[in-house]
Amino acid sequence: MEVDYKAIGQRIKIARIKKGVTQEAVADLIDITPAHMSNVETGKTKVSLPTLIAIANALSVSVDTLLCDNVIASKIVFEREAKDIFSDCDEYEVRFLVDLMKSAKIAFRKDKDIRNQFQK
């Protein structure tokens, strides 16, 4: 499996924006250049483990949150994201999103069954 550095960078960017800090502020906190921070967020640079840990600590997020698109066993991270999505919804929005997820789940499983038939 190849590491998706763009996905990691995107998650870092999202966490940084949620925290309300600039790339420059994070770079300063963890002692890297703002250009390097930008390259990490865009996936142009392969982020090292020490830098990834430093970024996670600076943004008060777990490393698993930043890596969840690259790790198979990351259901808990995505469940937390779903909970966050619902947290500021009114009743209508919750019902709509649940209906949407149910439909997507049915379509996904149906597609999965069709794919399995062709693989046999």
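Student: Is S60 buried or exposed?

Tutor: This is a predicted model, in which local features need pLDDT of at least 70, side-chain atom pairs count only at pLDDT 80 or more, and totals for chains, interfaces and linings use all residues. Residues are numbered from 1 along each chain as its sequence is written, and side-chain values use heavy atoms, with hydrogens and water left out. Buried means under 20% relative accessible area, exposed over 50%, and partly exposed in between (1.4 Å probe, protein chains only). S60 has a relative accessible area of 57%, so S60 is exposed.

Student: Where is the place of S60?

Tutor: Helices are DSSP runs (H or I, at least four residues), numbered from the N terminus. S60 is not a glycine, yet its phi is positive, about 55°. Most residues other than glycine have a negative phi. The place of S60 is in the loop between helix 4 and helix 5 (63-67).

Student: Which residue follows helix 2, and what is its phi?

Tutor: The residue is D31, which lies in the loop between helix 2 and helix 3. D31 is exposed, with a relative accessible area of 71%. Although D31 is not a glycine, this residue after helix 2 has a positive phi, near 65°.

Student: How wide is the arc within which the buried residues of helix 2 fall?

Tutor: The buried residues of helix 2 are Q23, V26, A27 and I30. The arc is that of the directions from the helix axis to the C-beta atoms. Seen down the axis of helix 2, these residues line one face because they fall within an arc of 100°.

Student: Which residues are exposed on the other side of helix 2?

Tutor: The buried residues of helix 2 are covered by elements including helix 1 (5-19), helix 3 (34-42) and helix 4. On the other side of helix 2, the exposed residues are D28 and L29.

Student: At what angle do helix 2 and helix 4 pack?

Tutor: Axes are lines fitted to C-alpha atoms, for helices over the stretch in contact, and angles run from 0 to 180 degrees between N-to-C directions. The axes of helix 2 (residues 23-30) and helix 4 (residues 49-59) are 10 Å apart, and the angle is about 115°.

Student: How many nonpolar residues does the contact of helix 2 with helix 4 have?

Tutor: Contact means heavy atoms within 4.5 Å. V26, L29 and I30 in helix 2 meet T51, A54, I55, A58 and L59 in helix 4. Ala, Val, Leu, Ile, Met, Phe, Trp, Tyr, Cys and Pro count as nonpolar, Asp, Glu, Lys and Arg as charged, and the others, Gly among them, as polar. By class, this contact of helix 2 with helix 4 has no charged residues, 1 polar residue and, as the number asked for, 7 nonpolar.

Student: How is helix 1 directed relative to helix 4?

Tutor: Helix 1 and helix 4 pack with their axes 10 Å apart, at an angle of about 25°. Angles under 35 degrees count as roughly parallel, over 145 as roughly antiparallel, 65 to 115 as roughly perpendicular and the rest as oblique. Therefore helix 1, relative to helix 4, is roughly parallel.

Student: Is V47 buried or exposed?

Tutor: V47 lies in the loop between helix 3 and helix 4. Not counting residues up to four places away in sequence, V47 touches Y5, I8, V40, L52 and I55. At 11% relative accessibility, V47 counts as buried.

Notes: Helices (H or I, at least four residues) and strands (E, at least two) are DSSP runs, numbered from the N terminus.
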